[in-house]
Protein chains: 2
Amino acid sequence: MDYNQPTKNFQKEVAEQCIRYLSIDGVIFGFHQNQLNVLLLRWKGTNEWCLPGGFIRKTESVDEAAERVMQERTGLNELFLQQFHVFGAVVRYDQDAVWRKINLNVDADSWSERTISIGYYALVEHSKVVPTPDFLTEECRWWPLDEVPGLLFDHNHIIEVATRALRRQLNDQPISHLLPESFTIPELQRLHETILGHPLDARNFYKKMMASGTLERLTERRAGTPHKAPYLYRFTRSESQA
Amino acid sequence: MDYNQPTKNFQKEVAEQCIRYLSIDGVIFGFHQNQLNVLLLRWKGTNEWCLPGGFIRKTESVDEAAERVMQERTGLNELFLQQFHVFGAVVRYDQDAVWRKINLNVDADSWSERTISIGYYALVEHSKVVPTPDFLTEECRWWPLDEVPGLLFDHNHIIEVATRALRRQLNDQPISHLLPESFTIPELQRLHETILGHPLDARNFYKKMMASGTLERLTERRAGTPHKAPYLYRFTRSESQA
DNA sequence: GCAAAAGTGTTCGTAATACACCCATGT
DNA sequence: ACATGGGTGTATTACGAACACTTTTGC
């Protein structure tokens, strides 16, 4: 990559407006074709992928920074965000190796500093996302979680920690943010199965979801399926927030 | 307080060696006389209390910084530490009010900057702690959790979030770090009751603890009690780490 | 001997698990 | 008609909750 004038300006801007040594890394989860996906970015002029991320402006909260970064990559106004871990080791990955991969000349830059990263995960509706690269990347797209390649930095590790946090959350509350407004029970079951990594019994799952009291059946059914048309459901917002 | 030359030197040292805008706040839990306690510091020349905290040196990991700070306040070499939340709002508390309380002249200092704080809680053995004030404080002592006064900064809020995190942890695993090496079942029960905030049934508790397989009964009993001498138990390290 | 805490088993209700059949629809 | 997935009930088991009496010991 040619680290030209615009890049240098970007760096300068970050250095002036943002908090040094600190960054946000985001694991954006989507669910599509019965697979958990994460949104990754391809570094300009390379075939190397990484997580979306960014810096925290001195005038915005950490949550706002995370929201801004995620909004920019997804085109979404609202998204479910969860802080899950701070990655604070002095040496988080082999810096030389990474700089080589992205053709960065270390000596010429201040990038060789350590960075403490606050990890957020986002749960978004896959179909609503408009993947948008940022200043340093030229491609942004979904990757199935189990096909994610070796990433830059320690981003494979961050994805792992995020996935564990997501599983833990699933035990506490049904996850509504990865599905569209209305969905079928089997679709919800596939989602849970995918996150947990093992199959579930349809009858027990149905009972459990009904017993949770957070779902309501709509009058419509999912049309266009090859077989019996399943009912559509949606989460009852009022109850879960009361 | 007289913010004199040593204080200014301290500030200079922090500014040079540590990461700006970022700090550690620690909620150190102890258990004594059937009460959960937290370790608080009294600001020099005032009657205002706050949590132990500190800054992250550029050469140490965030975990190491937290460990260092907690070790300094407790005199302990080993302690159980858990990162639980990042407090990242731009305005976390009424700065003017706090500066007034600690007699700090804002204009003269760089302290008016925002600070992002990484919250850690520590579980320690109450009796082993040697409470030790730091550079800015002149007293360090235990406070029962339910008698904690209004604290400086947003530290009451941080304690609340830490307590919730501690409760969540208790559901997953028995908490061994707040008790001495050997203890009685009723003592362990009081601890659980205190953390959860409600009484537990002694018979069910006993059964559950025995079923967990992480406890072993010692041959000795607790002597010097006014009534029937209870057996001593200890956690079996080997199993819990296998 | 009596007050106070320790130690223990049984019953019950609820929640999770396992399992099988009928229904609706597109081909 | 048939293949495919949707929708539901019942029986079993495991787990947590409720509950009472005997034992020990210091006073």
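Trainee: What makes the pair between Lys207(A) and a base oxygen of DNA strand C a polar contact?

Mentor: This is a predicted model, and the distance is computed from it. A polar side-chain atom of Lys207(A) lies 3.1 Å from a base oxygen of DNA strand C. The cut-off is 3.5 Å between N or O atoms, so the pair counts.

Trainee: How do you know that Lys207(B) makes a polar contact with DNA strand C?

Mentor: An N or O atom in the side chain of Lys207(B) is 2.8 Å from a base oxygen of DNA strand C. That is within 3.5 Å, so this pair counts.

Trainee: Which part of DNA strand C does Tyr231(B) approach?

Mentor: A phosphate oxygen. A backbone N or O atom of Tyr231(B) lies 2.6 Å from it. The elements that give two or more residues to the surface near DNA strand C are helix H6 (202-212) of chain A, plus helices H5 (185-196) and H6 (202-212) of chain B.

Trainee: How many residues surround DNA strand C, and which are the closest?

Mentor: 19 residues surround DNA strand C. The closest are Arg203(A), Pro226(A), Arg203(B), Tyr206(B) and Tyr231(B). Of the atoms of DNA strand C that come within 4 Å of the protein, sugar and phosphate account for 49%.

Trainee: Now DNA strand D. How many residues surround it, and which are the closest?

Mentor: 18 residues surround DNA strand D. The closest are Arg203(A), Tyr206(A), Lys207(A), Tyr231(A) and Pro226(B). Sugar and phosphate make up 48% of the atoms of DNA strand D that come within 4 Å of the protein.

Trainee: What makes the pair between Arg217(A) and DNA strand D a polar contact?

Mentor: An N or O atom in the side chain of Arg217(A) is 3.1 Å from a phosphate oxygen of DNA strand D. The limit is 3.5 Å, so the pair qualifies. A backbone N or O atom of Tyr231(A) lies 2.5 Å from a phosphate oxygen of DNA strand D. For Pro226(B), a backbone N or O atom lies 2.4 Å from a sugar or linking oxygen of DNA strand D. Helices H5 (185-196) and H6 of chain A, with H6 of chain B, are the elements that give two or more residues to this surface.

Trainee: Why is strand E1 (residues 18-32) of chain A called largely enclosed?

Mentor: 13 of its 15 residues are buried, so the rest of the structure largely encloses it. Buried means under 20% relative accessible area.

Trainee: How do you know that E1(A) and E4(A) pair?

Mentor: Pairing needs at least two bridges; E1(A) and E4 (residues 53-57) of chain A have four, so they pair, in the antiparallel sense. Asp25(A) stands opposite Gly53(A) in E4(A).

Trainee: In which sense do E1(A) and E6(A) pair, parallel or antiparallel?

Mentor: Parallel, over eight bridges. Asp25(A) stands opposite Gly119(A) in E6(A).

Trainee: Where is the hairpin of E1(A) and E2(A) marked by a positive phi?

Mentor: At Gln33(A), with phi near 50°. Two residues lie between the strands. E1(A) and E2(A) pair in the antiparallel sense over four bridges, and Phe31(A) stands opposite Leu36(A).

Trainee: Which residues have the most contacts inside the largest nonpolar core?

Mentor: Ile118(A) and Ile118(B), in a core of 68 residues. Beyond its neighbours within four places in sequence, Ile118(B) is in contact with residues including Val86(A), Leu22(B), Ile56(B) and Val86(B).

Technical notes. Residues numbered from 1 in each chain as written. Chains lettered and ligands numbered in written order. Predicted model: local features only at pLDDT ≥ 70, side-chain atom pairs only at ≥ 80, totals over all residues. Heavy atoms only, no water. Core = buried A, V, L, I, M, F, W, Y, C linked by side-chain atoms within 4.5 Å. Buried < 20%, exposed > 50% of the residue type's maximum accessible area, 1.4 Å probe, protein only. Contact = heavy atoms within 4.5 Å. Near = heavy atom within 4 Å. Polar contact = N/O pair within 3.5 Å; in protein donor to acceptor, adjacent residues only side chain to side chain.
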